[in-house]
Amino acid sequence: MTGLSLLRGAPIRQAVSGGVSVAVAAVPEGLPLVATVAQLAAARRLSRRGMLVRTPRTLEALGRMDTICFDKTGTLTENKLRLKKVSTADGTVYKAAEPEAADVVRTAARACPRLNGDGGGRPTHATDEAVLDAAGDDPAWTQVEGLPFETSRGYAAAVGREADGAPVLVVKGAPETVLPACAGLPDGASRTAHDLARAGLRIIAVAKRPLAGGEDPGEVLEQPLAGLEFTGLVALADVARETSPALVRGLREAGVRPVVLTGDHPQTARAIAADLGWPEDAVVVTGDELAAADRTARSRMLRDADVVARVAPEQKLQVVESLRDAGRVVGMVGDGANDAAAIRAADIGVGINARGSAAARNAADLVVTGDDLLVLTEAVREGRALWHSVADAIAILIGGNAGEVGFGIVGTVLGGSAPLSTRQMLLVNLFTDLFPAMAVAVTSVEDADDDATAATDAPLGTAVLGEPLIRQIRHRALTTCLGATVAWLFGRFTPGTARRSTTMALCAVVGTQLAQTLADRRGSRLVQVTSLGSAAALVALVQTPVASNLFGCTPLGPLAWAGVALAITLALAGQRAVPHVEEAVTKWWPKLADRLPVPAT
């Protein structure tokens with residue numbers, strides 16, 4: 001700008017002043033505040049819906065999230081196991097309440113380790129609670145030693161005796177662990193276990209053997225299982241939460257892949273996942289497969305997984321890390337203390353206040369304050385709306401300023417000096433950058449128009465701040481420059497002073513940018529108020545002689561205002577034509593380039 005002014009013969013003071021005014025126009029004053037204001041506004045809206053945002057910057061990652069892991073028990077289900085079916089040793093399946101199932105249920109209950117040695121205590125494991133509730137009291141049984149369930153072991157066991165009877169070892173656990181230790185196992189036992197698992201039931205194998213003379217109960221419990229007598233199978237089911245299918249369906253429709261982590265048998269896990277909303281052909285990976293694979297192989301296995309079955313608590317962290325290694329933006333939802341490490345390692349950690357542990361809540365970035373996880377779908381939409389709002393605000397700030405710079409260059413080429421002074425440039429940025437851009441940044445999903453709302457329902461990639469934003473900035477800059485140039489030329493070629501044409505250009509720059517913002521977010525009441533309020537304030541400033549003179553302007557008459565309105569209208573019409581022109585150029589330029597002569601090398 002300074003160089004162009006000097007080439008046109010302008011004095012040095014005037015040339016430098018024009019360069020300074022363009023430097024002022026190029027600075028988007030509101031840009032540092034846009035993302036922070038948008039994050040805080042989204043966090044406030046989510047808090048009203050039942051989600052506490054402990055780390056506002058996490059909302060940026062939430063908008064890019066494409067995978068979310070759920071700990072099944074207690075999160076997607078109510079963690080209230082119920083004994084549903086029982087299979088006896090001969091493979092016959094009964095309902096849990098039928099008399100024929102009583103012997104198997106009683107043996108399974110005796111395998112539940114009690115909290116104290118006399119058998120009067122109640123265990124804390126949900127599986128044991130369900131079995132004991134179904135079995136009822138067993139006064140004839142006295143437990144001597146108990147071995148609680150551990151995922152790495154795969155079973156629970158106890159040693160006890162009936163009145164005046166010999167001590168007996170009773171075992172219940174995963175079929176793949178207990179059945180191989182049974183002697184004389186019926187041929188149909190494994191098949192029955194698979195059939196029940198495919199029905200979505202959690203299967204527990206039950207077996208026992210009497211202790212030989214001289215065997216110590218404590219030592220027996222520590223020895224590997226062998227020589228057991230197969231008693232039967234018990235099948236339990238965890239009650240799914242009413243909102244879980246809607247949650248899974250909503251996330252999948254939004255392009256987020258939900259992954260369920262469970263300790264269930266793979267077939268059981270697949271069936272339960274189907275009931276919760278996963279597809280019938282869900283991809284299942286087991287904890288054993290993960291343990292046998294290296295880090296690269298785990299990432300490849302988990303990249304498109306839907307269910308991780310037989311997963312140990314310590315493997316949840318491994319799952320989250322492997323998904324991140326695979327390039328996924330991962331969320332983790334859990335309520336237990338053993339979920340805390342995975343929650344902390346995820347891009348977005350989600351805890352549940354109503355039923356979660358303190359460790360899970362403290363590790364989380366977002367905390368669901370109620371009991372309804374459907375708020376997660378709203379959180380995903382808010383995260384994506386945040387990206388679109390920030391992108392639109394950036395387009396307003398940078399696109400408008402680029403248009404002002406462009407107009408300054410055009411005006412200098414045509415008139416020999418910058419059309420707008422430094423004070424006027426600051427005034428433009430005050431009216432177009434500060435309030436309307438901030439209003440766009442804090443716009444909620446509900447306030448956006450139909451197109452913006454639909455955009456938040458589609459998978460979000462980093463392209464939001466790529467070519468779409470560059471195109472939006474380019475269109476805004478061209479529109480702003482066109483509106484200002486037309487108004488300025490209208491003022492120069494109609495009777496009036498140079499200050500009059502400058503004032504018309506100032507009004508056209510502000511008016512064109514406000515009209516674009518209002519058109520883009522016409523559904524937002526806040527954008528309407530800030531845009532129309534800024535326009536009214538500009539008109540009042542221009543028409544007030546003292547204030548107008550302070551900024552180097554002059555009050556305008558009806559003809560001048562008509563020229564400003566005409567310039568804004570032409571600029572907006574030109575904005576609609578720009579995409580079609582670009583499309584035509586993109587389509588025909590390669591054909592034209594092919595016909596151009598190529599110089600010899």
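Reader: In which sense do strand S8 and strand S9 pair, and over how many bridges?

Author: Before answering, please keep in mind that this is a predicted model, in which local features need pLDDT of at least 70 and side-chain atom pairs count only at pLDDT 80 or more, while totals for chains, interfaces and linings use all residues. Residues are numbered from 1 along each chain as its sequence is written, and side-chain values use heavy atoms, with hydrogens and water left out. Helices (H or I, at least four residues) and strands (E, at least two) are DSSP runs numbered from the N terminus, and two strands pair if DSSP finds at least two bridges between them. Here strand S8 (residues 202-210) and strand S9 (residues 229-240) pair in the antiparallel sense over 7 bridges, and isoleucine 203 stands opposite alanine 235 in S9.

Reader: What is the order of the strands in the open sheet?

Author: The 7 strands of this open sheet follow the order S4-S3-S9-S8-S7-S6-S5, with antiparallel pairing. Its edge strands, each pairing on one side only, are S4 (93-95) and S5 (141-147). From one strand to the next the twist averages 30°, where axes are lines fitted to C-alpha atoms, for helices over the stretch in contact, and angles run from 0 to 180 degrees between N-to-C directions.

Reader: Which helix packs on the sheet?

Author: Contact means heavy atoms within 4.5 Å. Helix H6 (residues 102-110) packs on the sheet, with S3, S5, S6, S7, S8 and S9 as the strands it touches, and its direction makes about 80° with that of S9.

Reader: Is threonine 268 buried or exposed?

Author: Buried means under 20% relative accessible area, exposed over 50%, and partly exposed in between (1.4 Å probe, protein chains only). Threonine 268, which lies in helix H12 (residues 266-276), counts as buried because its relative accessible area is 0%. Leaving aside neighbours within four places in sequence, threonine 268 is in contact with Ala197, Gly200, Leu201, Arg202 and Ile203.

Reader: How many disulfides does a search of the whole structure find?

Author: A disulfide is a covalent bond between the sulfur atoms of two cysteines. The search counts a pair of cysteine sulfur atoms within 2.5 Å, and across the whole structure it finds 0 disulfides. The sulfur of cysteine 553 has its closest cysteine sulfur in cysteine 507, at 6.8 Å, which is too far for a bond. Cysteine 553 is itself buried, at 0% relative accessibility.
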